[in-house]
Each structure stands twice: as C-alpha cells, then as structure tokens.
Amino acid sequence: MSDVLLQIGKNAQARKVVHALGLPIPLPVPLRRARGPWRERPLADACMVVGASSGAELSPVIAETLAAAGANAYWTGSDSIAAAFAAPGEAYGRPARALAALGDNERVAGVVFDATGLRDVAGLRALYETFHPLVPRLAKSGRVLVIGRPGGKGPAASAAQAALEGFVRSVAKEIGRGGATANLVRVEKGAEARLGPVLRFLLSSRSAFVTAQPFVVDARTKSEGDKPPFVRPLEKKVAVVTGAARGIGAATARRLAEEGAHVVCLDRPGDDGPTSQLARSIHGTALLVDLGADDAPARIADVVRALGGLDVVVHNAGITRDKTIGRMSDKQWDEVLAVNLGAVVRTHEALEPLLREGGRVVCLSSIAGIAGNVGQSAYAASKAGILGFVAGLAEALAERGITVNAVAPGFIETRLTAAIPVAVREAGRRLAALGQGGLPEDVAEVITFLASPGAAGITGRTVRVCGGALIGA
Ligand code: NAD
C-alpha cells in the first residue's frame, strides 16, 4: 500500500497547507534518485564543500574523485590545506568564506570532511567549525561524508576517531527529514586508493537510502589496478540472483543487467511467469529451482558452467513465517532457516569453485538480524547468521580477489512489507531518519555497487539500507 504522507509531501501545495495550518505532520521529502546505468560524471556541477583536519591524509584522493565525478569543489579547513588541494582560485580557508563565494541562495549538495589527521579531542572542534555553518545550507537529498581511520595510535587518537561515529549518526538523524544522508568511511592504512569509488557512490543519488553508518575500506582483497571502470562495470560478467521474480531480487537483476551483466534469474517453479518475463526483458537466463530442493545447488552450478563461469552471486531469496517463539511450529522454524540461511551456505559451497578472480558475493540480511524483532526469532536468527557467514568467509576469498558482503535492508516497500499490519507498517516507515520506506531499487543500487570492481575495499561487512532506521542502527 502506497505511503500517503509521502504522496502529500510530493505536492508543493499540500505541503504549504500542512505548514500553514501548523499540523504536526512530519511530511517526508521525496528522495532524489538516479535511474538508468552509471554515468561517468554522476556529480556533474554539484556544489561540494570539502573540509579537512590538520594533518589530513586523504585530501588528494578526495580532490581527484570529486574532479573526476564532475563536482564543483570548494575547499575549507586551514588555509594551507585549502590552498594545497584546491585548483587555483578555489581555496576558501574558513567555511564562511566558501559560503560567501557560493552566494546567498546556492545550496550545498554535499560536505566532505577529511578527519584522517585527527589525533586528539581538541582536534574534534574542526568538525563543529565545518559543519555548524554548512549543514543549514545543505540541499534536499544532500550528502554529509566524514572520512576517518579505523583506530588511532594511542587512546587520545582512538577516542577522536571513535567520536566521528557518534557525530555522523547524530547528524544523519538531524538532516534525514530533508532527505539528506550522513555516513562515515574509515579507511585502513594501505587502502587509500580504494576510497574513490566508495566516495563516489556515497555522494551520488544512488545511495539515497543509505545513512547513519560507518563503512570500512580495507586492502584485504586482491584487486586488479586502482582504476576500476565506472561505466558498464559489469560488462561480460555473469551474475546469479536468487528470488528474482519480484521485489528486491527483480530490481537487482535489472540493475546488474543495465551495467552489462548476463543475469541468471532464479526463482521457484511456481513463479515461472514473472521470472521468465524478467529474464527475457534483460536478455538473461531464467532458472526455475526451489532452493530448498536437495539438487538445487548442483542445478545452479550446471547452468553457470554452461555460461562459462561466474562473477557475481546475489543470495536474495528469503521468506518470513512470523510467530512468537512459543507459537511457532517446528515446520515454520525449519522453513525459514532452510531458505534464508541453509540454502545460502549450500549454494555458495557449490558455486565457490566456479567464481572467477574479482568475484563478488552479496547476501541479503535484514536489520531484524541486527536488532531482533518480536515474532521474528527464526527470521532474525537466519539473517544474523548471514552476518556471521560473510564475516567468516571474507578472509579465505580475499586471496582470489573475491569480496563477500551482507546487505541489511530496513523497511522496503515490497510484497513482503505490504502484508504486515498497517500500524506496524507506519511505524516501520516513520521510525527512520529519512521518515519513509525505501524502494527495492534503493537496495538494488547498493548491491550493484558492491558487485562492481570499485568495491574491492569492502569485504566481510554489512551495509544497512534502512534510511537510518532507529532499530538496528
Ligand atoms: P519478496 O517476497 O518480494 O521476494 C522474495 C523472492 O524469493 C520471491 O520471488 C520468492 O519466490 C523467492 N523465494 C522464496 N523462497 C524461495 C525458494 N525456496 N527458492 C527459490 N526462490 C525463493 O521479498 P523481498 O522483500 O524482495 O525480499 C528480498 C530479500 O530481502 C529477502 O531475503 C528478505 O528477507 C530481505 N529483506 C527484505 C526487506 C523488506 O523490507 N522488503 C527487509 C529486510 C530484508
């Protein structure tokens, strides 16, 4: 069922009426979302302000990424940093001077702050000095991004770096009602060259429903060169998407195909109609298999072998059988664990040998797997199991250049969530920083990014796609 508040929010006249009447209705802002394949310059003409702590180490990567993505960057921070990294005529020193250069009416599309040089508590003041004047000028669906390190040498540096997470999560909650997001990226030593694509994704409108969380970029996974392709990154790649007949799986199959992949669309035999139709429309292959069947992994492997190999696997198929533990039948428990977790492990075991170097595995978890939920003990157990699965698998696959990650959606508008009672559904939508549910396409964008060569720095992790849901954060 469609989100009535979001529909009202889309209508400027209706918004005015709600404001004029002083009604206490928090109308969510429609999120800006890009459609179609990735473009070379996703930030074309976007006005980005970049700040940096003293001793910041990643400003060159930020500068290069923003320039390549087409953004107009205004540099702030100490005058020397601004001067060192900005093109002539673009260094503005203090944030107020960058704002003055922008003029009164121009909004800031994003603020990036390089905090990698932060080594003590006093240094944290730079966060205040940068964001205090800039956040009120952030555009709708704007972006806040803080770049830090996973730890620090000594307790003071460690405290300063840890503080960044509380800061970012709070700012995300403050700016969410304007459709804007805030995230933290912690870059391990040696992984600096892998930051660019992550930055590019998080600053773009592809990450519309990703907010209030830390990312870690590391150098564990072997990677072919530091210049991954941004346009048609999945050209000549073979992907398998389970549960592709509808919802998140269908959106993901479409996006992977748009970026060049040949997609095997897998769903149950009973879903022949939508699965075959989708496969035809994206020039992929339909595969009708019940993942619970004993021979399912072997049948998938046969199809992949016939296609010559495998690059991307998206373990998306999932079911719910919600009942409190005392009322749940053993059949319900078994079904949920078998499809959501058992089938993922079995299918992976069969497909792992077929994965080519640079392969990508993405498994669907849920914020219920992080936070737990009433009536979802089996579902949450299966989805928490996924988190352990990817964390446990990453190290072994890193040597072959293969990453494995989990994506944990929050409230996404699909058949699965349309079936839940209206009060719970409303709570699911509103108890998020962005004040609305996500779309299957929002999750598909994150999966597509994780499936791309540019995501080599992310492995063994869980990415929430939850709009800053209050639970599971
Ligand atoms: P959906 O019900 O719309 O689609 C799931 C698909 O999986 C269906 O097409 C179904 O036929 C297929 N499937 C189920 N069991 C199968 C089996 N045994 N063999 C083959 N195919 C099977 O669900 P969705 O909302 O698109 O969710 C996709 C994934 O995302 C699931 O793993 C779900 O748990 C997870 N998730 C969804 C949400 C949400 O809000 N929609 C939130 C968190 C996590």
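## A ligand and the shell around it

Four helices and strands, namely α9 (247–258), β8 (262–267), α14 (377–398) and α15 (415–418), each supply at least two residues of the shell around the ligand. Helices here are DSSP runs of H or I with at least four residues, strands are runs of E with at least two, and both are numbered from the N terminus. The model you are looking at is predicted, so local features need pLDDT of at least 70 and side-chain atom pairs count only at pLDDT 80 or more, while totals for chains, interfaces and linings use all residues. Residues are numbered from 1 along each chain as its sequence is written, and side-chain values use heavy atoms, with hydrogens and water left out.

Let us stay with the ligand. It is surrounded by 31 residues, and the closest are Arg 246, Asp 267, Asn 316, Tyr 379 and Thr 414; a residue is near a molecule if one of its heavy atoms lies within 4 Å of it. The largest share of this shell, 3 residues, comes from α15. By class, the shell has 14 nonpolar, 10 polar and 7 charged residues. Ala, Val, Leu, Ile, Met, Phe, Trp, Tyr, Cys and Pro count as nonpolar, Asp, Glu, Lys and Arg as charged, and the others, Gly among them, as polar.

| Residue | Atom in the residue | Distance to a ligand oxygen atom |
|---|---|---|
| Ile 248 | backbone N or O | 2.9 Å |
| Tyr 379 | side-chain N or O | 2.6 Å |
| Lys 383 | polar side-chain atom | 2.8 Å |

On its own the ligand has 830 Å² of accessible area, and the protein covers 97% of that. Such areas come from the Shrake-Rupley method with a 1.4 Å probe.

Next, a record: an unreviewed UniProt entry annotates residues 237–415 as "domain: Ketoreductase", though annotations of this kind may be inferred rather than shown by experiment. Over residues 237–415 the chain is 46% helix and 21% strand, and the end C-alpha atoms are 30 Å apart.

What about the cysteines? The structure holds 0 disulfides, a disulfide being a pair of cysteine sulfur atoms within 2.5 Å. For Cys 466, the nearest cysteine sulfur is that of Cys 363, 18 Å away. Cys 466 is buried, with a relative accessible area of 1%, where buried means under 20%, exposed over 50% and partly exposed in between (1.4 Å probe, protein chains only).

Notes
A polar contact is a pair of N or O atoms within 3.5 Å; within protein, one must be able to donate a hydrogen and the other to accept it, and residues adjacent in sequence count only if both atoms are side-chain atoms.
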